[in-house]
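Hi,

My notes on it follow below.

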Amino acid sequence: MRLNHRLGGALSTHWGLAWPLILANSAIPLLGLADAAIAGHLKHAYYLAAVTVGAELFAVFFGAFSFLRMGTTGLVAQAVGQNATTTTLKILANALVLAGSLGLVVTVSGTLAVDQVIKWIKPNPDILLPLTAYLEIRMLSAPAALMSFALTGWFIGRGLTRIALYLALGVNLLNIVLNYVFAIGLGMNSNGIALGTVIAEYLGLGYGAFWLSRVTGLTQFLKNLRPERIVLIRLLGINGPLFVRTLALQVVFVGLSVHAARLGVTEAAAVGLFLVLLATAAYALDGFAFASEIEAGQALGSGQSERFKNSLWAGAILTLGTTLLMLLAVATGGSYLIQALTAHNEVQLVATGLLPWFYGILLALCLSYWLDGVFIGLTRSLEMCLTMCLATLIGWIGVLYWNDANSLDDLFFAFFCFGVLRTLFLGSRLPAAWRIVMTREAHRRAKSEPA
């Protein structure tokens, strides 16, 4: 009875942290769905292909720097567990300095590299011009996007998940409106979608700064707004492996889009819609992963192994239950959703045929999202890096080499193998994570005992 009571409390706590993040994360693929719907109803299918392929390519340019959120969340959560409020502000200040500097570098180097990226992709000629323009415009938002990662990570690490919800909903709803106005209202097509996103990123950063001033007071934050070598070294030590890990992950997702683009416009557009659906599911499940980051980090910081154990059960149960509900929803209405996203019959046909792959791949990946949250909270970034690289090398690159890539089924078989290995490899490190928290608890108890 006592165990059931504790687990029930952990489930309630986990859900209380997760539901604002589920809504916040759902706003991100909502933007993808809206962009796909806007581009899917433009005059030519190559606008849809340009937007979906271009958005996935930005997983390399921007998504590779999502470690700025993950590393910040883990460190801040642990500091909260230790009741070190000033430390959380120092972490944020240094994370923002790092993110802004990297954002400027990405904008300059990425703009110069667009032509080389296009040559590497070798897209269908119809996609070439709109895709190039989309990439060049979107690159301008790098500083705002990367600094927003760090800011969001701080709010999540503090457990201020409702503020993360306000940020995501505000920014993404504004983004959808701007994209519609520029793409359809002003007739800018895929260029309008890119421009609307850039403007929304900068307005979103300002909105985040507003909430930061509400939480901390502007004066208190500015006192800590200076680079500190020790904090920067710690951030780099955690974020370095996370950067490599994210690059390995994006090799898979970008590789899927690139191979599909080489097969043809219809295949590229269909895979783009598939990835939008998968992102929708993944972002919802990430709400539980983020809650696991908070709980694992704060449990480690305070040395509470019982809290950590109960949070593990809560995260796994909620993740699996939600996954099954989403699979039921897609099985019931997936084909109707695809029809709503694009008016092109040939794209609808191919995308609907990919739905069986969606079921298997989501089941293979769902627990990996939860495990990512646990290890981010513990700041065990090296283990995350090594397991992701192995899954990519064996499950994606290895299977593609063995099975070729002459059809969409070949691509999705490799994607499925990657998902299975990603979950198994990281899950095998869970006992070591448990021992880390137990060791911290033993140290805490030893310090509290009288000499």
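A word on terms before the notes: a residue is called buried under 20% relative accessible area, exposed over 50% and partly exposed in between, with a 1.4 Å probe and protein chains only. Helices (H or I, at least four residues) and strands (E, at least two) are DSSP runs, numbered from the N terminus. Please keep in mind that this is a predicted model, in which local features need pLDDT of at least 70 and side-chain atom pairs count only at pLDDT 80 or more, while totals for chains, interfaces and linings use all residues. Residues are numbered from 1 along each chain as its sequence is written, and side-chain values use heavy atoms, with hydrogens and water left out.

**Overall picture**

The protein has 17 helices and zero strands. Its radius of gyration is 22 Å, close to the 22 Å that the globule rule gives for 451 residues, so the protein is as compact as a globular protein of that length. That radius is taken over C-alpha atoms, and the rule is 2.2 Å times the number of residues to the power 0.38. Along the principal axes, the C-alpha atoms fill a box of roughly 75 × 45 × 35 Å. Of the 451 residues, 56% are buried. Taking contact to mean heavy atoms within 4.5 Å, 86% of the contacts between residues at least 6 apart in sequence join residues at least 24 apart.

The expected span of a helix is 1.5 Å times one less than its number of residues. Buried residues in H5 include Ile127, Pro130, Leu131, Tyr134, Leu135 and Arg138. H6 (residues 142-157) has 16 residues and reaches 23 Å from first C-alpha to last, close to the expected 22 Å. Because 13 of its 16 residues are buried, H6 is largely enclosed by the rest of the structure. Just after H6, Gly159 takes a positive phi of about 80°.

**The core and its rings**

A nonpolar core here is a set of buried Ala, Val, Leu, Ile, Met, Phe, Trp, Tyr and Cys residues joined through side-chain atoms within 4.5 Å. The largest one holds 134 residues, and Phe274, Leu278, Phe358, Trp396, Phe412, Phe415 and Phe418 touch the most other members. Helix H11 (residues 265-302) gives the largest share of this core, 21 residues. Leaving aside residues up to four places away in sequence, Leu278 touches Phe253, Phe358, Ile361, Leu362, Leu365 and Phe415.

Rings of Phe, Tyr and Trp (its six-membered ring) pair if their centres lie within 6.5 Å; planes under 30 degrees apart count as stacked, over 60 as edge-to-face and the rest as tilted. By this rule there are 18 aromatic pairs. Phe253 and Phe415 form an edge-to-face pair, at 5.3 Å centre to centre and 85° between the planes. Phe253 lies in helix H10 (residues 229-263) and Phe415 in helix H16 (residues 408-427), so this pair ties together parts that are 162 residues apart in sequence. Phe253 is buried at 14% relative accessibility, and Phe415 is buried at 0%. The rings of Phe274 and Phe358 have their centres 6.0 Å apart and their planes at 80°, so they too are edge-to-face. This pair links Phe274 in H11 with Phe358 in helix H14 (residues 355-377), 84 residues apart. Phe253, Phe274, Phe358 and Phe415 are among the members of one aromatic cluster.

**Cysteines**

With a disulfide taken as a pair of cysteine sulfur atoms within 2.5 Å, a search of the whole structure finds zero. The sulfur of Cys389 is 4.1 Å from the closest cysteine sulfur, in Cys385, too far for a bond. For Cys366 the closest cysteine sulfur is in Cys417, 17 Å away and also too far. Cys366 is buried at 2% relative accessibility, whereas Cys389 is partly exposed at 28%.

**Backbone angles in two loops**

Asn83, in the loop between helix H3 (67-81) and H4, has a positive phi near 60° without being a glycine. Asn83 is exposed, with a relative accessible area of 70%. Thr379 is not a glycine either, and has a positive phi of about 55°; Thr379 lies in the loop between H14 and helix H15 (381-403).

Best wishes
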